[in-house]
Amino acid sequence: MRRLLVGIPYLWLLVLFLVPFGIVAKISLSDVAIAIPPYTPTLDLSGGWSAIRAYFAELDFENFAFLASDDLYWKAYLSSLKIAAISTFLTLLVGFPMAYAMARAPAAWRPALLMLVILPFWTSFLIRVYAWIGILSTEGFLNQFLLWIGVINEPLTILNTNLAVYIGIVYTYLPFMILPIYSTLEKMDGSLLEAAEDLGCSRAQAFWLITVPLARPGIIAGSFLVFIPTLGEFVIPSLLGGSGTLMIGKVLWEEFFNNRDWPVASAVAIILLLILIIPIVLFQKNQQRQAEAEK
Amino acid sequence: MASSGQAEVFAPWEDPNEVPLIKIAGVTKRFGDFTAIDNVSIDIYRQEFFALLGPSGCGKTTLMRMLAGFETPSEGLISIDGQDMGAVPPNQRAVNMMFQSYALFPHLSVWDNIAFGLRRDGLSKDKVAARVEEMLKLVQLGQFARRKPHQISGGQRQRVALARSLAKAPKLLLLDEPLGALDKKLRQETQFELMDIQEKTGTTFVIVTHDQEEAMTVASRVAVMDHGQLIQVATPEVIYEQPNSVYVADFIGDVNLIEGAVGAIGDGAELLWAEGRAALMGQPGADLSKGSKATFAIRPEKIAISAEEPMDRRNRVQGKILDIGYLGNLSTYHVELPEGPVVKCEVGNRSRIERRDFTWEDEVWLSWSDTAGLVLPG
């Protein structure tokens, strides 16, 4: 019974992560072909031992060599990293004050405020991103409003630029930043700030010396929760971004569906996964440290 | 100050030339419709160990928070060392506070917690280090300097909090229920340590507590509060032996209360308590007027118990033993008087051999001297 219980998560991992990963890894080592599926070789067990040997002999790292030779790919990786880092920072900038205000709000309001943060998840993510097109486009609500109050004379071009991508990412991932920061701030004992003030701090000093360090585990967790999915983000840059927006998720999609080059697309995915392992491991370490500190 | 040879009693409040360090003058604090502090005036002198005592919600914590600067009085003035504190924020007062929760910064080591206030003053590194070491020595925590607060015991945390609040050598140290979180044995030890440290540093301490034993043990003077009002300010001895009201008598220690009316007032005061019974004789605890409602207060340890009627004492009543409580060092007898009230009487168990003179249902006499009890108004 116990073995079964322990086994379930491993089975889950095997079926939903390791098997698909194995398939993608295999495709990344294959060659493109005009066939269904669009790559070669495919395994034919009826051919016996020699067929299997021939199958493995055909696999190679050609696609990875190709990724390294064409500068489109590493530029896309770098650009993704940059966009993810900047978006994470912007999300933190917007999310921290919100989390702080929520944690300082009267206890009776907090569940309602929490609800408001989570509420957008109740509608489809895709619809919400489309809604931003309506807001940000040249004839969109934002431009109409700005023209109406007279701040600008000509509509701003926001849609199909990196700015629109940042807006979309900050909007979409804000709850992932707010929730962990809120949970650390909410636990904070208010008398710590009084103690800091009593010992000679101004309010601002107390904030930097006490509140921020104590919220650090939440800030780190929130930043990773935004950074990791943003790095491979595909929907937001393709809907809100323009031709100048280079992100690896978009490249991946184009390789798969426009070029039908599954092997190169798989190689792109494998590299992306390898890049993501670093922040994921760091995130896990942060979570572990926090759990130990709370013991 | 103590002069050579004989020790003088520390009682600056009795010296009319002494200038108080803290003057609380006519202070009222309201939160909306609720009056937390109602026209309170207290003078606190240098090097005093002053206790604010009362049940929870009596306003003692609010008063302390006003001294720290976290609350401002709605009316009245607070001055510290001659300076009006009205507009001085907490971070600019020469006052430090030890919080009930200790409020140690969890992300900083013991050392950095103690250094926190010193660094805000912009002291040089060497001076900070020297002062922190001095404080660590004072509270005997040298070997724990590098630990984080969650890595030390509750008693040690309490000492870190004390060291941190003393590090800046404040003129006034406020202690909010400082021993509340400790278990009984540790609390008793720490009480004496606290007095020791107070004496060593010569700092003026104001302690807030709901524990009357704690207040009596540590304090030079105790202020008893109730519903935002100051009921009595006096030394522990006076608070215990000369309470000015039934409230104080009842709040501090054990007491028997017998209700009646004031009789003749002469050397002492008489209390008429039951038809056809001799009046009880006691000291007047406050201004009394003949015929007004009053309560006789007598401490259980001041009552003697005997089988024979003690003819030489005016205050004597007969009753039946209802209950006997054996506490080891003493026994408590609950004696029911025919008129109804149950009087508690404590007798020390001085000899080890079990020799009980009295048992349940015995008729016994209780008696006490003319000066043992108090007649209090109300």
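Angles under 35 degrees count as roughly parallel, over 145 as roughly antiparallel, 65 to 115 as roughly perpendicular and the rest as oblique. Keep this scale in mind for the first view of this predicted model.

**View 1. Two helices of chain A, α4 and α8, pack against each other.** Find helix α4, residues 71-104 of chain A, and then helix α8, residues 162-187 of chain A. Their axes lie 6 Å apart and meet at an angle of about 45°. On the scale above, α4(A) and α8(A) are therefore oblique to each other. The crossing of α4(A) and α8(A) is right-handed. Which kinds of residue make up the contact of α4(A) with α8(A): nonpolar, polar or charged? The contact holds 22 nonpolar residues, along with three polar and one charged.

**View 2. Chain B, seen as a whole, contains both helices and strands.** If you trace chain B from end to end, you will pass eight helices and 20 strands. Its C-alpha atoms fill a box of roughly 80 × 50 × 50 Å, taken along the principal axes. How much of chain B is buried? Of its 378 residues, 39% are buried. Now think about contacts in chain B between residues at least 6 apart in sequence: 65% of these join residues at least 24 apart.

**View 3. Five strands of chain B form a closed barrel.** Follow the strands around the barrel in the order β11-β12-β13-β20-β14 of chain B. The pairing in this barrel is mixed, and the twist averages 55° from one strand to the next.

**View 4. Strands β13 and β20 of chain B pair in the parallel sense.** Strand β13 covers residues 280-284 of chain B, and strand β20 covers residues 374-377 of chain B. How many bridges join them? The pairing runs over two bridges. To find your place, look for B:P284, which stands opposite B:V375 in β20(B).

**View 5. Chain A touches chain B.** In this view, 14 residues of chain A are in contact with 16 residues of chain B. Which elements give two or more residues to the side of chain A that touches chain B? They are α9 (191-198) and α10 (203-231) of chain A. Helix α9(A) gives the most to this side, with six residues. By class, the side of chain A that touches chain B has seven nonpolar, three polar and four charged residues.

Conventions. Residues are numbered from 1 along each chain as its sequence is written. Chains are lettered from A and ligands numbered from 1 in the order in which they are written. This is a predicted model: local features need pLDDT of at least 70, side-chain atom pairs count only at pLDDT 80 or more; totals for chains, interfaces and linings use all residues. Helices (H or I, at least four residues) and strands (E, at least two) are DSSP runs, numbered from the N terminus. A residue is buried if 20 or more other C-beta atoms lie within 10 Å of its own, exposed if 12 or fewer, and partly exposed in between; C-beta atoms are placed from the backbone. Two residues are in contact if their C-beta atoms, placed from the backbone, lie within 7 Å. Axes are lines fitted to C-alpha atoms, for helices over the stretch in contact, and angles run from 0 to 180 degrees between N-to-C directions. A crossing is left-handed if the near helix is turned anticlockwise from the far one by less than a right angle, and right-handed if clockwise. Ala, Val, Leu, Ile, Met, Phe, Trp, Tyr, Cys and Pro count as nonpolar, Asp, Glu, Lys and Arg as charged, and the others, Gly among them, as polar. Two strands pair if DSSP finds at least two bridges between them.
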